[in-house]
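Have a look at the protein below.

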Amino acid sequence: MRSPLARSAALLAVSCAAFATLAAAPASAGTPVTPVPSGAEPSIIDGSTAQNPGYITRFNGHANGYTFFCTSTLIGSRWVLTAKHCMYDDNGRRLTDIDLYVGSNSASGGVHAKASATYVYSGGDLALIKLNTTGGGTFARLAGSSSDAQEGDSARVYGWGATQSTDEGNHQSAVLKQASVRIADTGATDYFGGPAIAADTLDGAVAGGDSGGPMIDDGVQVGVCSTSDRSSTTTYGSVAAGRGWIRQVSGI
């Protein structure tokens, strides 16, 4: 399962820096998400419409008149897990004004909460957000061991990200999307060089706005979306590798 990853390594390396910006691609704060035409199939650049299991969360960070879009997961009543690179604006400054929308298929539906505190992981592309109110009662089940993700496993990824690979900030999906991937390498590295899971895309590719979203393997969140080449390969920060830090910060 390692040869497909090796073939795309050069593409992935080129895409890393772009993804850190595009994954939280700025779009004018007042610009509405383009409505989905009747009969259209909104997607993670292909993929399909998803049903929110109740814990997938939309992330809208605000700075300098822009909104930065990411995806995240509710892991406790007041705790959300996302990607570290989602926590910074395009000037590298830490976001402090963040709206979260929990549990809906709509990008602007569900339980609304604000970030009251944020924490970033020194060991890779993971971050935690503490909410100012209860986000709900359905939580992502987090990987406790690296064995929860095995090379060759089929997994599912989710997000409200771009439906095309150009002008991503202005083509965010209005509804939650999903795609199938096959885990190719459990010894990969994420955008910050931390432990990660690399996967080959099967029916859809993650793009800007999908960052921070979950990779689910047999009902368990094993990864957090970090990088993508927008076509064949994506990497997800390892939840198992950061599990001790998550527990230390959140108590979960």
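## A buried aspartate and its partner

Buried here means under 20% relative accessible area, exposed means over 50%, and partly exposed is in between (1.4 Å probe, protein chains only). Arg93, at 44% relative accessible area, is partly exposed. Asp89 and Arg93 form a salt bridge, and their closest N and O atoms are 3.6 Å apart. To count as a salt bridge, a side-chain nitrogen of Lys or Arg has to sit within 4 Å of a carboxyl oxygen of Asp or Glu. As a general idea, side chains of opposite charge can pair when their charged atoms come close.

A quick word on where this comes from: the model is predicted, so local features need pLDDT of at least 70 and side-chain atom pairs count only at pLDDT 80 or more, while totals for chains, interfaces and linings use all residues. Residues are numbered from 1 along each chain as its sequence is written, and side-chain values use heavy atoms, leaving out hydrogens and water.

## The whole chain

Let's zoom out for a moment. The protein chain has two helices and 14 strands; these are DSSP runs numbered from the N terminus (helices are H or I, at least four residues; strands are E, at least two). Of its 252 residues, 54% count as buried. The accessible surface of the chain comes to about 9,600 Å², and 48% of that belongs to carbon and sulfur atoms. Those areas come from the Shrake-Rupley method with a 1.4 Å probe, and for residues only the protein chains shown count as cover.

What share of the contacts with a separation of 6 or more is between residues 24 or more positions apart? In this chain, that share is 69%. A contact means heavy atoms within 4.5 Å.

Lys114 forms one with Asp97, with the closest N and O atoms 2.5 Å apart. Lys114 lies in strand β7 (residues 111-120) and Asp97 in strand β6 (residues 97-102), so this pair ties together parts that are 17 residues apart in sequence. Both ends are partly exposed: Lys114 has 27% relative accessibility, and Asp97 has 32%.

Lys114 also meets the side chain of Asp99 in a salt bridge (3.3 Å, N to O). Asp99 lies in strand β6 and Lys114 in strand β7, so here the parts tied together are 15 residues apart in sequence. Asp99 counts as buried, because its relative accessibility is 10%. Salt bridges with shared partners join Asp97, Asp99 and Lys114 into one network.

## An arginine without a salt bridge

Now for Arg58, which lies in strand β3. Arg58 is buried yet has no salt bridge, and the nearest side chain of opposite charge, Asp210, is 7.2 Å away. For that search, Lys and Arg count as positive and Asp and Glu as negative, while His and the chain ends are not counted. So which side chain does Arg58 join in a polar contact of 3.0 Å? That would be the side chain of Asn60. A polar contact is a pair of N or O atoms within 3.5 Å; within protein, one must be able to donate a hydrogen and the other to accept it, and residues adjacent in sequence count only if both atoms are side-chain atoms. The backbone oxygen of Trp160 also lies 3.4 Å from a polar atom of the Arg58 side chain.

Asn60 lies in strand β3 (residues 56-63) and is buried, with a relative accessible area of 12%. Leaving aside neighbours within four places in sequence, the contacts of Asn60 include Asp97 and Asp99. With that exclusion, Arg58 is in contact with residues including Cys70 and Asp99.

## The cysteines

The structure holds one disulfide, which is a pair of cysteine sulfur atoms within 2.5 Å. Cys70 and Cys86 form it, with their sulfur atoms 2.1 Å apart. The torsion about their S-S bond is about -90°, so the disulfide is left-handed. Cys70 lies in strand β4 (residues 66-76) and Cys86 in the loop between β5 (79-82) and β6, so the pair ties together parts that are 16 residues apart in sequence.

Cys70 and Cys86 are both buried. Cys225, on the other hand, is in no disulfide, and the nearest cysteine sulfur, that of Cys86, is 8.2 Å away. Cys225 counts as buried, at 0% relative accessibility.
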